Amino acid sequence: PLRVVLDSHWRLPPTARLLLPPGDVLVYGLAGESGEAQAAREALVSQGASVTMLPPDASGQHLDLGAVLADLTARGINELHVEAGARLNAAFIGGDWVDEYLLYLAPKLVGPGRGLAALPGLSRMADARTLAFHAIEQVGEDLRILARPVGRDQFCSRFQFFLIGLCNLFTGIITGMCQFVDSQFLGAHASHERRCPLQYPS
């Protein structure tokens, strides 16, 4: 499958295992004319990766996810399976791009951990995003939970986006596994008759 990496500042090392075959790798990053950025892009290309420069979001520090999705659509990809960290997950959820959540709940108490999404706090429970459970099954000792935003029983957008996470019982810790990488960590799978992992360095 195609592996897509979101690496805003071109920090992905050319020795990263995700660049190894099989499968193609597409790396998105911000446009930058510095010698360091150019050298980083050339090093990735030398390892067989394709690189694409896109504009930043309003912060000027990260990729514009709308531009990323538009480019993937133009490449014939309309389905993403994303396993990511809290910051990128929050960006996708905040953009209302998530059609389906696939969560794994383990019967383990581990204390503080990484959250599913770094969403802003709520002053009213009524403002919470509401999901509807569509399937719950036991896989080994874990529970596999499939949920969708209320009212989205069918995928209505061009993109079909699946957020995959691991959560831990009681603390509600949900850690993303992704193939949309953020120079730090992210991955996703996409497909239009094809699948693609997405990775994201920040």
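User: How many helices and strands are in the protein?

Analyst: Helices (H or I, at least four residues) and strands (E, at least two) are DSSP runs, numbered from the N terminus. The protein has three helices and twelve strands. This is a predicted model, in which local features need pLDDT of at least 70 and side-chain atom pairs count only at pLDDT 80 or more, while totals for chains, interfaces and linings use all residues. Residues are numbered from 1 along each chain as its sequence is written, and side-chain values use heavy atoms, with hydrogens and water left out.

User: Which residues of helix 1 are buried?

Analyst: Buried means under 20% relative accessible area, exposed over 50%, and partly exposed in between (1.4 Å probe, protein chains only). An α-helix has 3.6 residues a turn, so residues three or four places apart point the same way. In helix 1, the buried residues are Ala37, Ala40, Arg41 and Leu44. They lie on the same side of helix 1 because they cover an arc of only 95 degrees around the axis, the arc being that of the directions from the helix axis to the C-beta atoms. Gly35 and Ser46, on the other side of helix 1, are exposed.

User: What covers the buried residues of helix 1?

Analyst: Contact means heavy atoms within 4.5 Å. The cover includes strand 2 and strand 3 (50–54). After helix 1 comes Gly48, with a positive phi near 95 degrees.

User: Which residues touch the most other members of the largest nonpolar core?

Analyst: A nonpolar core is a set of buried Ala, Val, Leu, Ile, Met, Phe, Trp, Tyr and Cys residues joined through side-chain atoms within 4.5 Å. The largest has 25 residues, and Leu6, Tyr28, Leu63, Val68 and Leu72 touch the most other members. Helix 2 supplies the largest share of this core, five residues. A second, separate core has twelve residues, including Ala16, Leu18, Val25 and Leu44. Leu44 is also one of the buried residues of helix 1.
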